[in-house]
Amino acid sequence: MAVARVVATADRTLTGRQLASLLTPPPEGRFGYRELARAVREALLDGRVALRLRLPAERELATVLAVSRTTVTGAYDLLRESGYAHSRRGAGTWTALPENQAPTALGAFHGDAGAAVDLALAAPEAPADELAAALTSAAAELPRYAGSQGYHPYGLPVLRAAVAARYTARGLPTLPEQILVTTGAQQALSLVLTLLGRPGDRVLAENPSYPNALDAMRGRMLRVTPVPVTEAGWDTGLVDAALRQTAPRMAYLIPDFHNPTGRLMPQEQRRELARAARATGTWLIVDETLTDIALDVPAPLPFAATAAGGDGEQIVSVGSLSKSCWGGLRVG
């Protein structure tokens, strides 16, 4: 079976339970809409809640906090009115700060120009000149597609070919047919989990790991088997033992500048893990969204490129534009 690769941008969503755990409850113990708005505002200002995060749906948060949906609706209205949130039709409510308002805690610092830099957000600002040039180029290409129905479920053919060519240039021969373009890395992961897993299946995941990925696994009622990543990195023997003892259906790895430890998995460990996963029939979901963020070392090869012949047959690579380019890009 051919190696599959998924390219996506990241989807930054805060779940109801995550938000509730970050809020300071009022003295009386139960949130009214004003108290809820105040708690979210304070969490934004002191850095507990990052900027440009999508807040949970009103019904979900109401259930978690054991309040009425009207309470959450009122709180979100107050946040929008005061500039601490904004909404996009069909895209939910997102955290923000009013103009001239800066975070007050160590989650941000002031750069040379005096502007606040949000350290809780691991994504760059848009490269203005490059973005303008790209949009101009894309607008010029639009007439080529205007005469068609415009639906490309797997992504624009020219984009899939470009992504395949990039993988090939990085050392992993790839065909456009092996590329699926999604609207977010989170969507890509959700699609793979849904395709390969069933409720009750085991999935091996690093501990610690990317919280939204773990939420996606639990949301599909998969049983997560944790394996530790320490300051020293991965213990290949421990991962191999976990694979053999539990024979998980899938394993989710972040080998490139691991989130959140920042560790880079050595190539020999990659080969060993690919070999061990193949022996147990485990699908490897390799999150490579941080691959391009190589500051003092060369960018690593794609994980599947380091696998020995045959060991890469059950590897799904998830890539992203959000960290290396700009999170505002949505392609599909």
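This is a short tour of one protein chain, from the whole chain to a single side chain. The model is predicted.

**Whole chain**

Start with everything selected. The protein chain has 332 residues, and 41% of them are buried. Colour by secondary structure, and look for twelve helices and twelve strands. Now show the surface. The accessible area is about 17,200 Å². Carbon and sulfur atoms hold 57% of that area. Then turn to contacts with a separation of 6 or more: residues 24 or more positions apart account for 69% of them.

**Strand 7 and its partners**

Select residues 202-207, which form strand 7.

Next, select residues 211-219, which are helix 9. Together, strand 7, helix 9 and strand 8 build a β-α-β unit, and this unit is right-handed.

Pick Val203, and find its bridge partner Met250 in strand 10.

**Arg144**

Move to residues 143-146. This is helix 6, and Arg144 sits in it. Is Arg144 buried or exposed? Its relative accessible area is 57%, over the 50% cut-off, so Arg144 counts as exposed. The side chains of Arg144 and Glu141 make a polar contact at 2.5 Å. The tour ends here.

Methods:
Residues are numbered from 1 along each chain as its sequence is written. This is a predicted model: local features need pLDDT of at least 70, side-chain atom pairs count only at pLDDT 80 or more; totals for chains, interfaces and linings use all residues. Side-chain values use heavy atoms; hydrogens and water are left out. Helices (H or I, at least four residues) and strands (E, at least two) are DSSP runs, numbered from the N terminus. Buried means under 20% relative accessible area, exposed over 50%, partly exposed in between (1.4 Å probe, protein chains only). Contact means heavy atoms within 4.5 Å. Accessible areas come from the Shrake-Rupley method with a 1.4 Å probe; for residues, only the protein chains shown count as cover. Two strands pair if DSSP finds at least two bridges between them. A crossover is right-handed if, with the strands pointing away from the viewer, the path from the first strand over the helix to the second runs clockwise. A polar contact is a pair of N or O atoms within 3.5 Å; within protein, one must be able to donate a hydrogen and the other to accept it, and residues adjacent in sequence count only if both atoms are side-chain atoms.
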